[in-house]
Structures are given as structure tokens and as C-alpha cells.
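Subject: Structure for your review

Dear colleague,

Please find below the structure that I am handing over to you. I would ask you to look through it first and then to read the notes that follow.

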Amino acid sequence: MNGRRQTGPVEGDRYRTLMSGFPTGVAVVTGIDGLGEPRGATCSALCSVTMVPPTVLVCLTAGSSTLAAVRERGWFALNLLHAGARSAAEVFSSPVDDRFARVHWKRLGTEGLPWLAHDAFAVAECRVSELTTVSTHTVVFGEVMDAELADEPPQPLLYGLRRFAAWPGEA
Ligand SMILES: Cc1cc2nc3c(=O)[nH]c(=O)nc-3n(C[C@H](O)[C@H](O)[C@H](O)COP(=O)(O)O)c2cc1C
């Protein structure tokens, strides 16, 4: 560790390396677009904000078709992926048109939000409470209105150090 100082913001690669040392779980954020079609994107920029009301945030890039659907309907689902769902994470981060044809999914709840039935160990239905744009990304705050949880303790999929991993056990 050195104590070097610089005047401007840290450059992109250094920032990426910095944040790669902060592993996260992996989710697929899903929504329904204006034509009633499912949309979804892999997302690791997700965190819990408040307990009361139960609120999460996700950050989605401005050009995201999933973000457009979330904005339009005002609802999204958070599909929390298990360790066996790496291929779903790859499908929902790749530029293919038929993402939902490559996974098993069902419509959930009154909003009919897409639930990745085989890949998610838990799913939360969220109502958008606030949207804030920061540079290239939009931060979407959602109030968790309902949640389905697996009976078994989950083994989440992780992403960090620029690779996928499974929950590794006790520290
Ligand atoms: C592990 C992983 C995490 C990602 N996290 C995010 C994220 O938090 N926000 C985001 O905008 N894109 C994220 N992406 C990239 C999107 O999944 C990707 O750009 C996707 O194609 C967006 O789809 P859409 O434009 O159809 O919504 C991530 C990709 C991977 C592989």
C-alpha cells in the first residue's frame, strides 16, 4: 500500500481493479416492457438500503432495455441466482435477443414479473419508489412488496476478482 495522491479521479482500470476486490452476489433484474414482453439483465450493483420500508437499490446502465421496462411499468423483480446459475448470468449479460427462451421462467404475482424458476433461490417483487441518474447509470430504488424464499439455505452465485464463484463457506 502506498500513500500516493493524485489530483483527478482515479482512472477506469484502477477503479475496476479496486471494485473487483469487493465481491457481490449476482441477480437478474427482470421487468415487463410496454408490449408485455419480458426483459432482464444480470446485475451485481445491488444493495439493501433500508429495512423500513424494505428498500433495495439497483444500478442499471442508461441504455439498458431492462431499465426502460422498469421505468415504464414501475415494477421489477430481483432474481437472486444460486451457484448453479452461472449460465443464466451469462445469458442475461450477453447481447442475444432470446434470453428468456434460454431459461425456465414463469410470471409472478399480479404484475406478472419474470421469475427465473430454475436459476433463482429467491425472488423479490419490487415497486419503484425513486429513480436517480448518476452519469452513465440510473439508480433504481424499489420497495420490496413480496418475496419468495427457498426452503433450503441458499448457496449464492458470487462475482468478484472478475470471475464467478460459489459461496465459499465460513470465514
Ligand atoms: C456479473 C455481472 C454483473 C453485472 N452487473 C451490472 C449492473 O449492476 N448494472 C448494469 O447496468 N449492468 C451490469 N452488467 C451488464 C449487463 O448485464 C449487460 O449490459 C446486459 O446486456 C444489459 O442488458 P439490457 O440492455 O437488455 O438490459 C453485469 C454483467 C455481469 C456479467
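In this predicted model, a backbone N or O atom of serine 44 is placed 3.0 Å from a nitrogen atom of the ligand. The residue alanine 45 also takes part through its backbone, with an N or O atom 2.9 Å from an oxygen atom of the ligand. A polar backbone atom of threonine 42, in turn, lies 2.8 Å from an oxygen atom of the ligand. The ligand taken alone exposes 640 Å², and the protein buries 77% of that area.

Where does the ligand sit? The space that the ligand takes is the largest pocket. In total, 16 residues surround the ligand, and the closest are Cys59, Ser64, Ser65, Thr66 and Arg99. Sorted by class, this shell holds seven nonpolar residues, eight polar residues and one charged residue.

I turn next to the chain as a whole. The protein chain contains three helices and twelve strands. Its C-alpha trace spans about 55 × 40 × 35 Å along the principal axes. How does the radius of gyration of the protein chain agree with that of a compact globule? A compact globule with 171 residues would have a radius of gyration near 16 Å, and the value for the protein chain is 17 Å, which agrees.

As background, most peptide bonds are trans, and most residues other than glycine have a negative phi. The peptide bond from valine 52 to proline 53, however, is cis, with omega near -5°. Proline 53 is located in the loop between β4 (46-50) and β5. The other detail concerns serine 135, which has a positive phi of about 55° although it is not a glycine. Serine 135 belongs to the loop between β9 (120-134) and β10 (137-149).

Yours sincerely,
A colleague

Technical notes
Residues numbered from 1 in each chain as written. Predicted model: local features only at pLDDT ≥ 70, side-chain atom pairs only at ≥ 80, totals over all residues. Heavy atoms only, no water. Near = heavy atom within 4 Å. Polar contact = N/O pair within 3.5 Å; in protein donor to acceptor, adjacent residues only side chain to side chain. Areas by Shrake-Rupley, 256 points an atom, 1.4 Å probe, with all protein chains shown as cover. 1 Å grid on protein atoms, 1.4 Å probe; cavity = no way out; pocket = protein on both sides within 12 Å on 5 of 7 lines; lining within 4 Å. Sits in = over half its atoms within 2 Å of the grid points. Nonpolar A, V, L, I, M, F, W, Y, C, P; charged D, E, K, R; others polar. Helix = DSSP H or I, 4+ residues; strand = E, 2+ residues; numbered from the N terminus. Rg over C-alpha atoms; globule rule 2.2 N^0.38 Å.
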